[in-house]
Amino acid sequence: MATISLSLLVVSAGTQAAHASPPGHQPGHPRLITTVHTPLLTTWWQDGAEPAASGAVAADKVRQSPYYGVQVATTSHPSRFYDSFAYMSIPRNGNGKVGYTDQDGAEFSSSAGLSMSWSSFQYSTDVWVDVKLKTHQPITSADQVTIRPNNLGFKKVLVNSSTIRIRVPYKTTGYRFSVEFQPQLMTAYNDMSSTSGQLTTDPTGNRAVDTEPKNSMLIFANPTPGADTIPTERDGSIYRPEPGLVNNLDSIKQDIIFFGPGTYYMGADYHAVLPASVKWVYLAPGAYVKGAFRFLHDTQSHYKVTGLGVLSGEQYVYEPDTANGYKHTVQDECHVTCVKMLQFESSNTGQTLDLQGLTVANPPYHSFVVYAHDGDTEIPVDAFHMNVSDYKQVGSWYWQTDGIELYSGSTMSNTFFHSNDDVLKMYHSDVTVKNTVIWKNENGPVIQWGWVPRDIDDVHVDNTDVIHNRMYWKDVKYNTCVFNSSSDWQDMGATDTADPTTTVKNMTFTNTRVEGAVNCGIRIFALSNMQNIVIDGFSVDAWNGLDSDSQASLLKRYTDASGAKVTIGDQTTDHSGLLLHDYTVGGVPILKAGNNWASDELGRLDFDADTWDDWDATATGQPTGPTPTLSVDGLADGSTSPSRDVQFSGTTNAKTLSVAINGTSVDIPISDGAFDATIHLPSISNKIVVTATSDRGVMNVVRRTVYALGTELGSIADPTGDDNGPGSYTYPTDSAFNAGSLDLTGFHVYRDGDTIRFVTTTAGQIGNPWGGNGMSTQRVNIYVRDGDSTATTPLLPGTDTSAAGAWKYAVVADGRYDDARFSTGLYGADLSRVAGATLQVIQPHTIVASIPAAAFGDTDLAHAAYQVSMFSDAEDGEGIGNVRPVYSSTCWQGNDGCPSFVQQYRFGGGAGDWTDAVDARDTDTSDSNAIDIISGTGSQAEIMRLGQDAVVAPYVDLAAAEGTE
């Protein structure tokens with residue numbers, strides 16, 4: 001039987017959807033809200049609706065979108081529209097940070113005034129959906145409204161200047177889509193500050209990240225659910241709470257909790273810890289429950305959480321800790337005691353969960369978890385099989401608002417996730433996921449299968465649409481991109497945490513579409529062996545506005561503690577490695593056999609050289625046939641050219657030849673199978689790609705990197721193995737400080753037109769574990785002596801080092817802290833900042849600081865003397881001048897009350913102990929904080945000997961470059 005519901009809406013018609021109103025509606029008067037319940041269409045409304053753009057709403061109210069109105073009609077009765085409630089979420093529920101000041105991940109969304117509205121209905125026939133924009137921003141064409149995912153192909157009709165009509169065909173899987181009005185669009189930018197940058201809406205001098213609606217509007221067209229998703233008395237005894245305060249669910253005796261239409265709230269200091277009898281929670285369409293559910297006991301064999309209602313965490317603070325009275329946690333992490341929207345307990349003996357239809361809104365922490373215990377000890381979850389369908393997650397503004405972890409034997413289909421952390425967590429075997437729409441916030445990747453070594457087999461993920469993402473990081477994060485297997489969560493910079501006895505295999509990801517711009521595609525830090533990983537049909541509209549280095553896809557094989565590397569199957573001969581098939585960027589296929597896959601090319605693939613045979617990138621219909629011959633002379637890979645104009649030559653039997661320098665391509669003529677050309681090198685690091693193309697389009701590609709620094713004025717060599725100060729300094733134990741990374745091996749000075757380039761080299765690879773501008777553990781100081789001065793003069797603050805003569809200029813190269821007092825730049829003897837500097841790190845061993853030549857006045861840099869020293873880079877508050885102190889061996893070993901972080905993150909073997917009583921954070925500043933100095937013919941060990949009143953480092957003259965005086 002059809003049911004039509006009428007109720008009086010007690011707000012002015014001017015704030016409500018006035019289009020397609022029920023018969024008899026008069027403009028300027030309150031109008032009736034009309035909903036419908038028939039086999040073909042069901043819509044609903046929320047009593048106690050409160051249209052509120054900001055601030056918290058009352059406990060018994062539901063936030064109604066003041067920005068949008070929604071009505072639905074069947075296409076068989078297109079003139080009869082019914083109201084569908086438009087819910088809305090805002091960051092922190094409009095409360096701000098309650099009881100804490102730490103970052104929570106909602107900073108940008110809150111400051112930018114973002115909101116997320118949504119409307120759900122149930123249908124079993126084609127419908128028209130009217131969406132009205134109520135912000136008085138007119139539209140003049142249906143083309144000003146975008147439906148995402150943009151491959152749905154829905155018909156759009158402009159009803160009037162504020163309303164778009166969308167035809168939504170019936171589909172048994174339903175639809176989940178975004179309706180985006182052009183006047184509502186805003187762009188988020190990275191301001192490029194500090195290590196990662198910060199998000200801003202100010203475009204001035206900043207890099208575009210993503211364009212999205214400021215106030216978003218989602219439509220969830222839900223197919224009519226099966227009878228097995230709605231409980232009856234035949235399924236068990238039912239408890240039906242009354243709308244209002246619900247804080248007694250811990251003690252009920254029934255099997256099923258049935259929330260009918262209405263508004264329910266648990267309060268900010270309660271969540272339902274359900275008794276062992278409860279096996280099913282049902283939220284009917286129109287039920288809005290403010291709270292969370294924990295299935296504490298593991299005695300049920302079949303759990304169910306079903307219904308088209310809403311479960312909202314809006315009353316809780318971020319990370320609400322039950323061990324802290326539901327206030328924000330004071331622990332470093334609270335995965336045991338913080339509230340999760342849905343929490344289950346596994347017996348590990350074989351259980352099933354049906355999760356169907358639910359909308360989870362405003363999660364204050366993880367939205368979904370399953371734990372297992374042996375007594376009080378948490379153990380891995382096993383034999384917990386999940387069937388998830390038509391699930392929606394919205395309003396995930398906070399960090400740690402992940403998607404759903406699916407356990408072995410689980411399926412998930414037809415879902416929507418708004419998430420600010422890992423979304424699809426593929427940690428287990430025999431898992432199938434299909435038809436997922438994702439709106440990705442800043443934190444975490446889209447698809448994750450890393451964090452620890454794992455055994456995973458038989459995973460299939462199909463038809464994933466990423467309609468927005470705000471992943472903005474300018475540094476190379478371990479846990480970001482679309483596809484990601486992150487490094488170890490306990491020490492993300494460590495490369496020796498793999499387990500070669502574990503294997504990830506037979507994972508297939510098909511039809512993954514990324515709309516708009518994204519930061520990066522794939523980052524795999526392999527902690528386990530890999531076999532048969534297929535990414536097929538991966539399309540990216542565009543890369544965001546960051547530099548290509550920030551957008552690199554990575555493939556790295558990590559080792560265990562003994563140095564044994566994990567393996568990746570051989571894709572070249574056995575087809576058992578990593579296959580990227582039909583990977584496109586901007587519609588262009590990325591081919592390993594072509595000239596567009598590399599890190600600075602369209603594909604942005606920067607896979608380690610030792611994985612070359614382990615991966616391939618192919619495309620349907622790619623050119624086939626013999627590969628043309630190609631030999632290139634005159635471009636030695638990794639060489640430094642003395643001139644910016646370089647001649648090269650070679651031979652080929654190709655039809656055409658081109659050369660690209662840093663992405664700019666020119667054609668090169670071929671004469672009798674030979675070629676000869678001169679190219680100009682515009683940058684310090686120049687990527688040169690020579691492409692020979694056959695008449696069938698098959699390519700042979702030669703890639704070279706050639707450096708151009710200018711004319712060398714002179715250099716100084718330094719021995720390796722002396723990155724121990726006076727001979728006693730020892731590296732921190734954390735893997736961020738790789739051996740030799742602070743060991744100076746040489747110093748060069750170049751003049752390049754109007755620029756001076758200071759180049760230092762290291763014995764070990766330059767580390768960047770914390771995402772600085774090319775480096776984050778090193779801090780280089782270069783001092784230019786003032787004439788022939790011999791007066792002992794302190795170096796920059798925090799170095800605890802002096803020089804055997806006054807200095808005129810100091811050059812600082814630091815990959816972090818652009819806003820620090822002594823950040824990268826040029827400083828005078830009075831410590832004033834004379835000029836800025838540009839830092840470029842050329843991996844693996846070279847640091848280049850470039851400064852305008854005019855800043856040095858008439859100083860003869862070719863004949864000046866220099867003191868060059870290497871320090872451990874510090875955060876603010878860890879020492880003076882962003883220099884980390886070196887501590888005594890006793891302190892470094894954890895004695896004398898020294899904190900544990902000293903051994904992990906500080907050098908040992910010095911004189912003093914850690915203290916927080918002075919800014920130096922060091923009880924003895926007589927020892928130098930330099931890890932290595934260039935000491936010329938002097939003995940570094942003697943110069944830096946402990947026990948002196950002061951360490952005085954010598955200046956060293958440049959050795960003239962070849963061909964100069």
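User: Let's say a disulfide is a pair of cysteine sulfur atoms within 2.5 Å. How many disulfides does the structure hold?

Analyst: Three. This is a predicted model, where local features need pLDDT of at least 70, side-chain atom pairs count only at pLDDT 80 or more, and totals for chains, interfaces and linings use all residues. Residues are numbered from 1 along each chain as its sequence is written, and side-chain values use heavy atoms, with hydrogens and water left out.

User: What kind of bond is a disulfide?

Analyst: A covalent one, between the sulfur atoms of two cysteines.

User: Which cysteine does Cys 334 join?

Analyst: Cys 338, with 1.9 Å from S to S. The torsion about their S-S bond is about -95°, so this disulfide is left-handed.

User: Are Cys 334 and Cys 338 buried or exposed?

Analyst: Both are buried. Buried means under 20% relative accessible area, exposed means over 50%, and partly exposed lies in between (1.4 Å probe, protein chains only).

User: What about Cys 481? Where is its partner?

Analyst: Cys 481 bonds to Cys 520, and the sulfur atoms are 1.9 Å apart. The link connects distant parts of the chain, 39 residues apart. Cys 481 is in the loop between β43 (456–469) and β44 (483–485). Cys 520 is in the loop between β45 (503–518) and β46 (522–526). Strands here are DSSP runs (E, at least two residues), numbered from the N terminus; helices are runs of H or I, at least four residues.

User: Why is the disulfide of Cys 481 and Cys 520 called left-handed?

Analyst: Because the torsion about its S-S bond is about -100°. Cys 481 counts as buried, at 0% relative accessibility. Cys 520 is buried at 0% too.

User: And Cys 891? What does it bond to?

Analyst: Cys 898, at 2.0 Å from S to S. The S-S bond has -115° about it, and the link is left-handed. Cys 891 and Cys 898 are both buried. Number the bonded cysteines in sequence order and the pairing reads 1-2, 3-4, 5-6.

User: New topic. How many aromatic pairs are there?

Analyst: The search of the whole structure finds 47. Rings of Phe, Tyr and Trp (its six-membered ring) pair if their centres lie within 6.5 Å; planes under 30 degrees apart are stacked, over 60 edge-to-face, the rest tilted. Take Tyr 318 and Tyr 398: centres 4.8 Å apart, planes at 25°, so they are stacked.

User: Where do Tyr 318 and Tyr 398 lie?

Analyst: Tyr 318 is in the loop between β28 (310–312) and β29 (320–321), and Tyr 398 in the loop between β37 (392–394) and β38 (404–405). So the pair ties together parts 80 residues apart in sequence. Both tyrosines are buried.

User: Which residues do ring pairs link into a cluster?

Analyst: Phe 295, Tyr 303, Phe 344, Phe 368, Phe 384 and Tyr 407.

User: What sits over the ring of Tyr 427?

Analyst: The charged end of Arg 454, 3.7 Å from the ring centre. Lys 592 lies over the face of Trp 615, at 4.3 Å from the ring centre. The test is NZ of Lys or CZ of Arg within 6 Å of the ring centre and within 35 degrees of the ring normal.

User: Last one. What is the order of the open sheet of three strands?

Analyst: β65-β66-β76, with mixed pairing. Two strands pair if DSSP finds at least two bridges between them. β65 (792–794) and β76 (952–953) stand at the edges with a single partner strand each, so one side of each has no neighbour in the sheet. β65 and β66 (residues 802–804) run antiparallel, joined by three bridges. Thr 793 stands opposite Ala 803 in β66.
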